[in-house]
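I opened this model to look up how the ligand is held and how the chain is divided. My notes follow in the order in which I checked things.

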Amino acid sequence: MKYHIGVIKGDGIGSEIVSQAMKVLDQIAVKYGHVFQYTQLLMGGCSIDVNGVPLTDETIQACKNSDAVLMGSIGGNTTTSPWYQLPPDRRPEAGLLKLRKSLGLFANLRPCVLYPELRGACTLREDISSQGFDMLIMRELTGGLYFGERRTEEVNGVMTAVDTLSYNENEIRRIAVKAFEVAMKRRKKVTSVDKANVLDSSRLWRKVVNEVAQNYPEVTLEHALVDSTAMQIVKNPAQFDVMVTENMFGDILSDEAAMVTGSLGMLPSASLNETKFGLYEPSGGSAPDIAGKDIANPIAAILSASMLLRYSLDLQTEADAIENAVKKVLQDGFRTGDIMSDGCKQVKCSEMGTLITERI
Ligand code: IPM
Ligand code: MN
């Protein structure tokens, strides 16, 4: 079959890691008889440099015309890059938020898995890491504080800034349904994370999640407060299966959960809308400090390509082939610098891409 894939390499390490993911996809195309037609698109700082804005209407339209979008990372050094002299709505991140909203990508899936081979890279004590963990954070992506009304103004001579955290029941219901659907295909446990002891938006969140749970009697639902969850992620991550939470909490908890797997460079993500369309990107950032050195870990981008095949193109065998090739390369002892440990062979970003491609 022929598929159209939008490609946003973005800034920093984005271009290096996405090139490796495309190398792997090209091998999938050869082996399984598909055609992947790529359309390269600009978004983030590179779009500011060329177009003066982080996201153009043309890029949004080209994404809509694709079956799925593969993305690298956007943004630069927030203290030194000239992009951060621009007003907030013209900076690289504003492009990503606008793209998420324009494409209706309300469900952000961030799997956090501790691979047995990488237990040594885990930042937790060995009695905890030896149990392993495999959780999936389902982050709401188009509501909450990120998209609420905001302003900075002088009130009675005092500078005052306001951000608004708002959710309606429909926004909560659709992300809850996604979480329960995914849990049915996993270990059938959902942890809904909120701050219901303080926030109205969290109390509504809890009520709606409880209603949705009625339709999934096989799934065990538990509610947890976000502060306590932050603690449990480092204390006993094995307890979690699917975690569903609002945008800001999900942003914070997913970085924490990602780090305890050993490296942000290992973790892919999928952002989905109501249809099969999705945007696939590593959970980590653009890492401007190591950009252009061919030392970044491309595995998150490569696993993002696997999620693209699985969720948007329905190519399960091909997605499994990528995941297995990644496991194999780790078993064979190859590591990029971020996950390097004694007795392993350190390789560059492009070599890692080739080694994974050879194992497809
Ligand atoms: C993420 C990033 C973004 C977010 C930034 C770049 C706007 O941190 O995808 O987690 O906060 O959502
Ligand atoms: Mn983040």
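The model is predicted, with local features needing pLDDT of at least 70, side-chain atom pairs counting only at pLDDT 80 or more, and totals for chains, interfaces and linings using all residues. Residues are numbered from 1 along each chain as its sequence is written, chains are lettered from A and ligands numbered from 1 in the order in which they are written, and side-chain values use heavy atoms, with hydrogens and water left out.

I then looked up the polar contacts (pairs of N or O atoms within 3.5 Å). An N or O atom in the side chain of Arg100 is 2.8 Å from an oxygen atom of ligand 1, and for Arg110 I likewise read 2.8 Å from a side-chain N or O atom to a ligand 1 oxygen. For Asp251, a polar side-chain atom lies 2.9 Å from an oxygen atom of the ligand.

Turning to the domains, which come from an automatic or database assignment, I found domain 1 (1-111 + 264-360) and domain 2 (123-149 + 160-260).

Notes:
A polar contact is a pair of N or O atoms within 3.5 Å; within protein, one must be able to donate a hydrogen and the other to accept it, and residues adjacent in sequence count only if both atoms are side-chain atoms.
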